[in-house]
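Subject: Structure handover

Hello,

Here is the model you asked about. Please open it next to this email and follow along.

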Amino acid sequence: MACTWAVESVVISHLQAQLIYLKNKNDQVAYKAVESILEDEKNHRDTGFHEGGATNIWYQPLRFSVSLFTESIIRFGMR
Ligand SMILES: [Fe+2]
């Protein structure tokens with residue numbers, strides 16, 4: 001669950017930034033769609049957390065690597 005927690009944490013940050021962008025553009029349809037996705041991803045992240053994905057110190061390097069890789073994929077995908 002460390003991977004789940006790490007991926008979802010990065011995705012949530014990205015989606016929250018998207019919500020700010022969409023709010024500023026006043027695109028309510030897209031905003032609602034992203035907001036719905038955000039709720040799903042928060043549930044996934046919380047599952048990862050409750051299964052110990054965020055607290056086990058031995059998984060720290062894994063969480064760091066997965067977070068970095070996920071951030072890279074998102075930034076590459078936004079090009
Ligand atoms: Fe997810």
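A nonpolar core, as used here, is a set of buried Ala, Val, Leu, Ile, Met, Phe, Trp, Tyr and Cys residues joined through C-beta atoms within 7 Å. Buried means that 20 or more other C-beta atoms lie within 10 Å of the residue's own. By that rule, the largest nonpolar core has six residues: Ala2, Trp5, Ala6, Val7, Val10 and Val11. As background, nonpolar side chains in soluble globular proteins tend to be buried together.

Please keep in mind that this is a predicted model. The mean pLDDT of the chain is 95, and 100% of the residues score at least 70.

Overall layout

The chain contains three helices and zero strands. Read from the N terminus, the order is α-α-α. Along the principal axes, the C-alpha atoms fill a box of roughly 45 × 25 × 15 Å. The chain has 79 residues, and 14% of them count as buried. Take the contacts with a separation of 6 or more: 76% of these join residues 24 or more positions apart.

Helix H1

H1 covers residues 2–25, which is 24 residues. From first C-alpha to last, H1 reaches 35 Å, close to the 34 Å expected at 1.5 Å a residue. Which residues of H1 are buried? They are Ala2, Trp5, Ala6, Val7, Glu8, Ser9, Val10 and Val11. Those buried residues pack against two helices, H2 (28–50) and H3 (60–77).

Ala6 belongs to the core. Beyond its neighbours within four places in sequence, Ala6 is in contact with Arg63, Val66, Ser67 and Thr70.

Asn26 sits in the loop between H1 and H2. Its phi is positive, about 60°, although Asn26 is not a glycine. Is Asn26 buried or exposed? Asn26 counts as exposed because it has 7 C-beta neighbours inside 10 Å, and the cut-off for exposed is 12 or fewer.

H2 has 23 residues, so at 1.5 Å a residue it should span 33 Å. Its end C-alpha atoms are 33 Å apart, which agrees. After H2 comes Gly52, again with a positive phi, in this case near 90°.

Leu62 is found in helix H3. Leu62 and His14 are 48 residues apart along the chain, and their C-alpha atoms are separated by 20 Å.

Phe64 also lies in H3. Phe64 has 11 C-beta neighbours inside 10 Å, so it counts as exposed. In sequence, Phe64 and Val7 are 57 residues apart; in space, C-alpha to C-alpha, they are 10.0 Å apart.

Where to look

Start with the six core residues, Ala2, Trp5, Ala6, Val7, Val10 and Val11. Then go from Ala6 to its contacts, among them Val66 and Thr70. Finish at Asn26, with its positive phi just after H1.

Best wishes

Technical notes. Residues are numbered from 1 along each chain as its sequence is written. This is a predicted model: local features need pLDDT of at least 70, side-chain atom pairs count only at pLDDT 80 or more; totals for chains, interfaces and linings use all residues. Two residues are in contact if their C-beta atoms, placed from the backbone, lie within 7 Å. Helices (H or I, at least four residues) and strands (E, at least two) are DSSP runs, numbered from the N terminus. The expected span of a helix is 1.5 Å times one less than its number of residues. pLDDT is the predictor's confidence in each residue, from 0 to 100.
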